[in-house]
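This report looks at a ligand site and at the salt bridges of one protein model. The sequence and structure come first, and the description follows.

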Amino acid sequence: MTDHHRISLTPRRPFGPEAIQLCRQALDSGNLSSVGGPLTARFEREFAEFYSAGHAVASSSGTAAIHCAIGALQADPGSEVILGPITDAGSVLPLLQSGLIPRFVDLDEYLAMPVPAVRAAINSRTVAIMAIHLFGGVTDTAALRELADAHGIALLEDCSQAHATRLGERYVGSYGHIGMFSLQQSKHLTTGDGGMCITDDDRLAHRMRLFRDKGWDRTQVGSRAYPQLGLNYRITELQSAAGLPQLATLPQVIARRREIAARLDAAVNAADGLDRWIAPPGGQASYWCYPFFVRSPRRRDPIASALSARGIPVTPGYIGAPIAQCLAVTAQRRTFGGSDWPFSLAETPPDYAADVLPHTVDALDRVIVFWLHEDLSDEDVAAVCDAIGVLDRAVA
Ligand SMILES: *Cc1c(COP(=O)(O)O)cnc(C)c1O
């Protein structure tokens with residue numbers, strides 16, 4: 001491949017003049033702390049309104065948001081949480097930090113957690129189901145909410161890759177007891193790093209607010225009161241300033257990503273030996289990224305290399321292996337010091353070997369992720385489609 005085939009894609013620019021103006025306002029005020037800061041209060045209020053949620057609780061990262069949600073459940077150590085095996089480490093680490101044991105369910109052809117498999121994984125120690133809305137596709141959290149309610153357990157939705165993503169008439173995140181969002185740089189709405197939880201439950205919201213602020217109940221006067229466990233996971237006013245204006249443009253961001261994905265679908269369909277991702281039915285995928293599949297796993301890395309060589313940002317295999325295989329805390333049960341707590345609390349800890357998740361492993365062996373974003377021009381998209389079209393010549 002010669003150099004003149006290398007294309008240079010338009011970079012993403014999530015922060016416009018309004019964000020810059022709000023950041024300046026925050027700096028000018030002399031206070032960047034979210035404690036008493038007006039911008040974080042406004043960010044939380046408008047985020048909650050966007051999702052028609054009773055409360056939004058901001059935090060310093062998606063991982064922190066998930067930790068706040070888990071902390072609010074106040075589950076006994078050794079309890080189990082059921083979740084999907086293709087996800088960021090940030091979905092799993094807060095469980096281990098809280099003494100909870102992850103139990104993974106093999107994914108279906110849409111890369112969603114099948115409801116019957118979740119039902120089969122529920123046992124007497126299960127305290128929550130955590131749906132991961134992977135790549136901006138939906139897991140059927142309407143059905144999972146019914147399942148969770150029938151068992152008296154919590155439904156958590158990790159919407160880090162699925163901001164403003166419709167399932168039926170509502171956005172995902174509003175089906176669960178708590179919806180959790182990462183606002184990390186790559187996410188649809190970004191503050192560089194940051195997180196947000198939404199809930200309609202006053203008690204869970206209160207506990208999450210305490211959890212992200214060292215467990216501190218600031219309404220108490222006199223000596224300090226810390227009625228619950230927590231950490232310092234506070235967001236700052238600068239992050240809220242950067243994030244706030246994006247709520248207004250988020251629907252356009254999603255619409256543009258869907259439009260680009262539809263064009264890429266056509267290119268992938270026309271290419272030999274490639275399959276498009278069929279986004280889960282019932283939802284409107286928001287395409288955090290654009291995943292597609294090679295039919296033969298041995299073509300995955302050569303095709304990804306050929307696309308990279310043309311300047312197209314792709315990752316073969318996304319996380320490469322089920323997340324439990326990637327993490328020493330699950331693969332080797334290397335947790336706290338020399339102990340394997342909380343696994344030591346389980347009668348039979350879950351099997352984290354890859355071979356118990358055959359569909360998931362097959363999908364990871366064949367997937368290539370293209371890092372699409374809303375600021376790509378029509379010319380950019382056409383160039384990527386062309387590159388996909390000539391892959392057969394590029395990869396013998
Ligand atoms: C990004 C992400 C997280 C972690 O978010 P951070 O902000 O990086 O801590 C968690 N879960 C999923 C599915 C993610 O994509």
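## Terms and basis

A residue is called buried when its relative accessible area is under 20%, exposed when that area is over 50%, and partly exposed in between, with a 1.4 Å probe and protein chains only. The model is a predicted one, in which local features need pLDDT of at least 70 and side-chain atom pairs count only at pLDDT 80 or more, while totals for chains, interfaces and linings use all residues. Residues are numbered from 1 along each chain as its sequence is written, and side-chain values use heavy atoms, with hydrogens and water left out.

## The ligand site

There are 14 residues around the ligand, and G62, T63, D158, S182 and K187 come nearest; a residue is near when one of its heavy atoms lies within 4 Å of the molecule. The shell divides into 2 nonpolar, 9 polar and 3 charged residues. Helix α3 (residues 62–73) supplies the largest share of this shell, namely 3 residues.

Polar contacts here are pairs of N or O atoms within 3.5 Å. A polar side-chain atom of T63 lies 2.5 Å from an oxygen atom of the ligand, and a polar side-chain atom of Q161 lies 2.9 Å from an oxygen atom of the ligand. In the side chain of D158, an N or O atom is 2.7 Å from a nitrogen atom of the ligand. Taken alone, the ligand exposes 380 Å², of which the protein buries 92%, the areas coming from the Shrake-Rupley method with a 1.4 Å probe.

## Salt bridges

Side chains of opposite charge can pair when their charged atoms come close. With a salt bridge defined as a side-chain nitrogen of Lys or Arg within 4 Å of a carboxyl oxygen of Asp or Glu, the count comes to 16. One of them joins the side chains of E44 and R212 at 2.9 Å, N to O. Because E44 lies in helix α2 (residues 38–50) and R212 in the loop between α7 (202–211) and α8 (237–243), this pair ties together parts that are 168 residues apart in sequence. E44 is buried at 12% relative accessible area, and R212 is buried at 14%.

A salt bridge also links D378 and R256, at 3.0 Å from N to O. D378 belongs to helix α14 (residues 378–389) and R256 to helix α9 (residues 246–270), so the pair connects parts 122 residues apart in sequence. D378 is partly exposed at 37%, whereas R256 is buried at 16%. R256, E259, R263 and D378 are linked in a network of salt bridges.

How values were computed: A polar contact is a pair of N or O atoms within 3.5 Å; within protein, one must be able to donate a hydrogen and the other to accept it, and residues adjacent in sequence count only if both atoms are side-chain atoms. Helices (H or I, at least four residues) and strands (E, at least two) are DSSP runs, numbered from the N terminus. Ala, Val, Leu, Ile, Met, Phe, Trp, Tyr, Cys and Pro count as nonpolar, Asp, Glu, Lys and Arg as charged, and the others, Gly among them, as polar.
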